[in-house]
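Please keep the sequence and the model open while reading.

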Amino acid sequence: MFQKADASGLAQVRHVVLVLSGKGGVGKSTITTELALALRHAGKKVGILDVDLCGPSIPRMLSVGRPDVHQCDSGWVPVYTDAQKSLALMSIGFLMEDPDEAVVWRGPKKTALIAQFVSDVAWGELDVLLVDTPPGTSDEHLAVLENLKKHRVDGAVLVTTPQAVSTGDVRREITFCKKTGVRILGIIENMSGFVCPHCSECSNIFSRGGGEELAKLTGSEFLGSVPLDPQLSRCIEEGEDFTQLFSESTTFSAISSISQTLLSSLQTA
């Protein structure tokens with residue numbers, strides 16, 4: 001590991017947002033990636049801190065490969081996805097020698113790396129830093145909050161799918177936020193309907209509306225729904241920018257609307 005930086009790399013970060021989910025498989029990392037791209041599309045400088053240590057998938061989603069992580073006087077230099085340096089990323093995926101290597105670590109080692117990620121990455125000036133967390137409410141979440149005490153966390157976005165199994169787990173995530181004093185910025189319902197690749201009609205092949213209903217029951221803001229879209233899935237698989245390639249699609253409109261609502265919430269945080 002590199003030496004600890006003298007000052008916090010978060011000094012010039014305006015807003016910090018946690019992205020949480022009660023269970024795996026709800027598309028949390030996909031939502032984090034697309035929110036970041038939509039915010040960049042809106043002219044914001046964005047960073048993603050990937051603390052899903054056992055499943056770091058965002059480097060692939062952004063097609064940045066496995067570049068070497070360098071150090072400057074301020075700490076670790078994040079990996080930039082574009083020449084304009086408008087989207088920065090730090091992930092354990094950049095530190096593993098073998099991409100197929102499993103992270104078999106006990107809690108203290110995970111906590112130590114998260115502490116370094118929070119304090120030692122030289123993010124520079126950012127409008128929003130999105131923190132992609134693992135599913136559930138584990139050591140990683142507590143470590144992130146503990147190490148962000150010196151820097152204000154604006155709140156958390158909760159990702160769910162419409163099914164009751166998922167919304168039930170997100171209820172526990174809401175309880176976690178209340179116990180730890182984290183403001184809930186809103187709930188996003190992912191995989192809400194299916195967009196036909198031929199006619200673009202959205203069909204409810206699964207259930208729909210579970211996330212919105214949960215928001216009403218818990219008094220949380222409902223940020224919006226994102227459907228299952230084959231074009232979005234392909235972009236995620238191939239590391240392409242969906243917000244640029246399909247800016248006229250209804251799925252992009254949904255993601256863009258969510259990002260704008262989130263920005264509005266951050267202004268009042």
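**Briefing: selected local features**

Apart from neighbours within four places in sequence, Glu240 is in contact (heavy atoms within 4.5 Å) with Met61, Arg234, Cys235 and Leu245. The model is a predicted one: local features need pLDDT of at least 70 and side-chain atom pairs count only at pLDDT 80 or more, while totals for chains, interfaces and linings use all residues. Residues are numbered from 1 along each chain as its sequence is written, and side-chain values use heavy atoms, with hydrogens and water left out.

- Glu240 sits in the loop between helix H7 (230-238) and helix H8 (242-245); helices (H or I, at least four residues) and strands (E, at least two) are DSSP runs numbered from the N terminus.
- At 28% relative accessibility, Glu240 counts as partly exposed; the scale takes buried as under 20% relative accessible area, exposed as over 50% and partly exposed as in between, with a 1.4 Å probe and protein chains only.
- Between Glu240 and Ser74 there are 166 residues in sequence and 31 Å in space, C-alpha to C-alpha.
- Glu213 belongs to helix H6 (residues 210-218) and is partly exposed, with a relative accessible area of 41%.
- The C-alpha atoms of Glu213 and Thr167 are separated by 9.3 Å, and the two residues are 46 residues apart along the chain.

**Helix packing**

- Two packed helices are described by the angle between their axes and the distance between the axes.
- Helix H1 (residues 28-41) packs with helix H9 (residues 250-267) at an angle of about 75 degrees, and their axes are 9 Å apart.
- H1 and H9 are therefore roughly perpendicular to each other; angles under 35 degrees count as roughly parallel, over 145 as roughly antiparallel, 65 to 115 as roughly perpendicular and the rest as oblique.
- On the H1 side the contact is made by Glu34, Leu35, Ala38, Leu39 and His41, and on the H9 side by Phe252, Ile255, Ser256, Ile258, Ser259, Leu262 and Leu263.
- Sorted by class, the contact of H1 with H9 has eight nonpolar, three polar and one charged residues; Ala, Val, Leu, Ile, Met, Phe, Trp, Tyr, Cys and Pro count as nonpolar, Asp, Glu, Lys and Arg as charged, and the others, Gly among them, as polar.
- The axes are lines fitted to C-alpha atoms, for helices over the stretch in contact, and angles run from 0 to 180 degrees between N-to-C directions.
- In helix H4 (residues 139-147) the buried residues are Glu140, His141, Ala143, Val144 and Leu145.
- Those buried residues of H4 pack against strand E1 (13-21), helix H3 (107-120), strand E7 (126-132) and helix H5 (164-180).

- Ser91 lies in strand E6 and counts as buried at 0% relative accessibility.
- Setting aside neighbours within four places in sequence, Ser91 is in contact with Asp50, Pro56, Pro59 and Phe117.
- Ser91 and Asp52 are 39 residues apart in sequence, with 8.2 Å between them in space, C-alpha to C-alpha.
- Leu95 lies in the loop between E6 and H3 and, at 30% relative accessibility, counts as partly exposed.
- Beyond neighbours within four places in sequence, Leu95 is in contact with Val69, Trp76, Leu113 and Phe117.
- Leu95 and Val69 are 26 residues apart in sequence and 7.4 Å apart in space, C-alpha to C-alpha.

**Positive phi**

- Ser63 is not a glycine, yet has a positive phi of about 55 degrees.
- Ser63 is placed in the loop between helix H2 (58-61) and strand E3 (71-72) and counts as partly exposed at 48% relative accessibility.
- Lys85, also a residue other than glycine, has a positive phi near 55 degrees.
- Lys85 is placed in the loop between strand E5 (79-80) and strand E6 (87-91) and is partly exposed, with a relative accessible area of 47%.
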